[in-house]
Amino acid sequence: MTSRKEPSPDGVRRWRAGLFVLFVIVGVTMSSWITRTPDIRDAIGASTAGMGLVILGLSLGAMIGVLGSGQLVARYGGRPVAGTGIALVVLGPVLVGTGAVTGAGGLVFAGLVIFGSGSGLMEIAVNIEGAAVERALSRPVLPALHGCFSAGTVVGAAGGIALTGIDFAVSWHLWLISALCAPAAAWAVRQLPAGTGREGAGATDEPRLTRAERLAVWREPRTLMLGAIVLGMALAEGAANDWLPLIMVDGYDLDATTGSLVYTLFAAAMATGRFGGEFVLARLGRVVVVRGSAVLAAVGILIVVFAPHPALAAVAVVLWGLGAALGFPVTISAAGDSPQHAAARVSAVATIAYLAFLAGPPALGLLGEHTGLRNAMLAVAAVALLVSTLASAARRPAGTPGAAATGPGPQPAAAPAPPSARNPAD
């Protein structure tokens, strides 16, 4: 295997821009079909329970994608995995729209399986890419990358609400979204350098890990604590994504459109928090940011649960969104601190997070059946408060480049490691 050429400064900027676009595309496509779920349900004539089974395709596909992504990145690098993933993400809405116009619930299910598989594949690959960009630039990048996803969900949700309001056909809506996203996706993938996260014998590749070494990453105390943090923060984010509109409709007697607007407010707060992440991290440091984020999310959730008026709950949703914004990307960044085995650690922590996204909301649904959705959110607040006590795990280990940057104050640029010790993406 030959070593690959390291990206130039201009190449790193294009690399980052490509990742920005990929994150936006996933956000736009996901929220586009989510906002048209009622129309899709009516088009295929599904009951509420039947629609639940159709949507299960998304979870099944995502689980398949996320469980295979880490190994694929280790073997082939992040670019082909991200490229395959984004292709499936763009294809999924085409099939969902086709299933809606033909009344074929099975085709909608298949489209969601494909969409979920693509997003699962991408989840690990793009976070490994993002962590590598951070090491190349010696400053935070992942918060803004995840901010692009949140901004994409705002754009997609706003478009979906508007097109629903004018009775625009759901099939044409989803086909149009895929047609617009496809060329942007092709451009973005071309900006990613080859070999990021790949394990092998090349001089700039990470050493190929044995099975025992790969499993050993999952037993590292710091990795497990980071996994616990990201699990709690992913649960806080996923609970809002799946249940916030229903909480506002069922818990506060709002109409469906207003409930969707409150969710859009949450997504906008997430985007704001993530785009401001670099500024906040430079002044407060990772540990304070992670701890404060978890506490702020818990406070927002508690106010949503106990607020006597929907207006107060809507204000609290902003706190919830701001609190949930940075925990996931900052923790993923922490997992990629050390160039040695960085891809394996990022993969492990991101996999734990994705399991929370998949398993958490259904579990909250079962809990909500017995306690009500508002009260079920108390479990999310409790988990967020619990993981805030683990925030010290986000501190950069001594001896890694930029270790001083985890404390308050401006982040100094890290000294570059010797070429033989650097990650291929640096």
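**Figure 1. Overview of the chain in the predicted model****.** By that assignment the chain holds 15 helices and zero strands. Of its 426 residues, 53% are buried, and the accessible surface of the chain comes to about 16,600 Å², with 69% of this area belonging to carbon and sulfur atoms. Among contacts in the chain with a separation of 6 or more, 82% are accounted for by residues 24 or more positions apart.

**Figure 2. Close-up of the largest nonpolar core****.** This core has 107 residues, and those with the most contacts inside it are Leu22, Ile86, Trp320 and Met377. Helix H9, which spans residues 221-252, contributes the largest share of the core, namely 14 residues.

**Figure 3. Close-up of the surroundings of methionine 377****.** Methionine 377, one of the residues with the most contacts inside the largest nonpolar core, is shown with its contact partners, leaving aside neighbours within four places in sequence. These partners are Ala239, Trp243, Ile247, Ile301, Val305, Trp320 and Leu364, and Trp320 is likewise listed among the residues with the most contacts inside that core.

**Figure 4. Close-up of the largest cavity and its lining****.** The count of cavities of 30 Å³ or more comes to two, and the largest cavity, the subject of this view, contains about 50 Å³ of space. Its lining consists of Phe149, Ser150, Thr153, Glu237, Asn241, Tyr263, Phe266, Ala267 and Met270; by class, five of the lining residues are nonpolar, three are polar and one is charged. At least two lining residues are supplied by each of helix H6 (142-165), H9 and helix H10 (256-275), with the largest share, four residues, coming from H10.

Figure 5. Because buried means under 20% relative accessible area and exposed means over 50%, proline 310, at 21% relative accessibility, counts as partly exposed. Apart from neighbours within four places in sequence, proline 310 is in contact with Met248, Tyr252 and Leu254. The C-alpha atom of proline 310 is separated by 8.9 Å from that of glycine 251, although the two residues are 59 residues apart along the chain.

Technical notes:
Residues numbered from 1 in each chain as written. Predicted model: local features only at pLDDT ≥ 70, side-chain atom pairs only at ≥ 80, totals over all residues. Heavy atoms only, no water. Core = buried A, V, L, I, M, F, W, Y, C linked by side-chain atoms within 4.5 Å. Buried < 20%, exposed > 50% of the residue type's maximum accessible area, 1.4 Å probe, protein only. Contact = heavy atoms within 4.5 Å. 1 Å grid on protein atoms, 1.4 Å probe; cavity = no way out; pocket = protein on both sides within 12 Å on 5 of 7 lines; lining within 4 Å. Points joined across faces, edges and corners; volume = space filled by probe spheres on them. Nonpolar A, V, L, I, M, F, W, Y, C, P; charged D, E, K, R; others polar. Areas by Shrake-Rupley, 256 points an atom, 1.4 Å probe, with all protein chains shown as cover.
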